[in-house]
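Please keep the sequence and the structure in view while reading the points below.

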Amino acid sequence: MNISGYINGLRETEPVDLGTPKDQQLKQEDFFQLLTQQLAYQDPFKPADNADMISQMTAFSTSEGIASMTKQVESLNSVMTSSQALQASSLVGQRVLLPVNTGHWDGKAPVDGVIVTGSGVGNLTITVENEKGQTVRTLNLTGPHKGNVPFTWDGLNNNGEALTLGNYKFKVNGLVNGAGTELNALVFGKVSSVTLGSGTSPNLVNVVGMGGVPLDKVLEIAGGTSA
């Protein structure tokens with residue numbers, strides 16, 4: 001007879017005190033109390049099988065071990081989240097490189113970023129688009145380029161006029177083996193604040209004009225002012 005069958009049998013004999021109604025979980029002492037009662041009321045002609053008893057004790061120990069390990073993992077997650085929150089708070093006021101090709105023009109500091117060219121490209125063309133998808137500026141970086149190539153946009157259109165504040169997208173095209181190829185542009189943004197996460201949600205750095213970005217998406221920290 002296993003523990004579950006024995007409990008059902010006890011309902012017709014004598015009650016077993018499993019604690020107050022607020023305590024809905026079997027504790028170690030409850031388990032051994034039930035086990036003792038099971039042995040005391042077992043049929044002498046059909047004693048409990050040793051293998052079955054060991055199996056029940058093993059199952060309970062495993063369950064208790066998993067519960068303990070879960071608590072330890074939750075505690076570790078809490079420590080890691082707090083550590084990341086402290087790290088993220090130091091980024092307030094700093095410029096960080098993000099895996100996006102959109103930057104925010106605030107009317108003051110230039111928008112800058114990095115073009116990923118890999119093993120090498122030639123004659124880079126950077127097209128700046130407004131939020132309506134209209135081209136407002138074209139920048140050219142002639143000659144061969146290799147690795148991560150920095151770029152800067154001063155917030156002016158092709159006529160040298162200052163544009164309105166807002167978000168602008170940067171599209172890049174370069175020559176690879178003589179053929180035009182689209183390349184990735186990564187843009188810097190300024191961190192205005194930090195939103196603390198929890199065990200189930202990440203810490204966020206709030207970038208001006210861009211909203212919240214998970215801390216692990218930050219590629220580089222460049223300081224507080226544009227170069």
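A residue is called buried when its relative accessible area is under 20% and exposed when it is over 50%, with partly exposed in between. The structure is a predicted model, and within it a search of the whole structure finds three salt bridges.

**Salt bridge between E129 and K171**

- The side chains of E129 and K171 meet in a salt bridge, with an N to O distance of 3.5 Å.
- This pair links distant parts of the chain, since E129 belongs to strand β4 and K171 to strand β7, and the two are 42 residues apart.

**Salt bridge between D112 and R95**

- A salt bridge joins the side chains of D112 and R95, with 2.9 Å from N to O.
- Here too distant parts of the chain are linked, with D112 in strand β3 (residues 111-116) and R95 in strand β1 (residues 95-98), 17 residues apart.
- Both partners, D112 and R95, are buried.

**Salt bridge between D154 and R137**

- The side chains of D154 and R137 form a salt bridge in which N and O are 2.9 Å apart.
- Because D154 lies in the loop between β6 (148-153) and β7 while R137 lies in strand β5 (residues 135-145), the pair ties together parts that are 17 residues apart in sequence.
- D154 is partly exposed, with a relative accessible area of 34%, while R137, at 17% relative accessibility, counts as buried.

- N167 is placed in strand β7, and its relative accessible area of 18% is the reason why it is classed as buried.
- The side chain of N167 makes a polar contact of 2.9 Å with the side chain of H104, and the side chain of N167 also reaches the backbone oxygen of G209 at 2.9 Å.
- When residues up to four places away in sequence are not counted, N167 touches T102, G103, H104, N130, E131, G209 and M210.
- M210, one of these contacts of N167, is located in the loop between β9 (204-207) and β10 (211-214) and is partly exposed, with a relative accessible area of 27%.
- Although M210 and N167 are 43 residues apart in sequence, their C-alpha atoms are 8.1 Å apart in space.

- Most residues other than glycine have a negative phi.
- N123 has a positive phi of about 50° although it is not a glycine; N123 is found in strand β4 (residues 121-129) and is partly exposed, with a relative accessible area of 39%.
- N177, which is not a glycine either, has a positive phi of about 55°; N177 lies in the loop between β7 (166-176) and β8 (179-195), and its relative accessible area of 83% makes it exposed.

Technical notes: Residues numbered from 1 in each chain as written. Predicted model: local features only at pLDDT ≥ 70, side-chain atom pairs only at ≥ 80, totals over all residues. Heavy atoms only, no water. Helix = DSSP H or I, 4+ residues; strand = E, 2+ residues; numbered from the N terminus. Buried < 20%, exposed > 50% of the residue type's maximum accessible area, 1.4 Å probe, protein only. Salt bridge = Lys/Arg side-chain N within 4 Å of Asp/Glu carboxyl O. Polar contact = N/O pair within 3.5 Å; in protein donor to acceptor, adjacent residues only side chain to side chain. Contact = heavy atoms within 4.5 Å.
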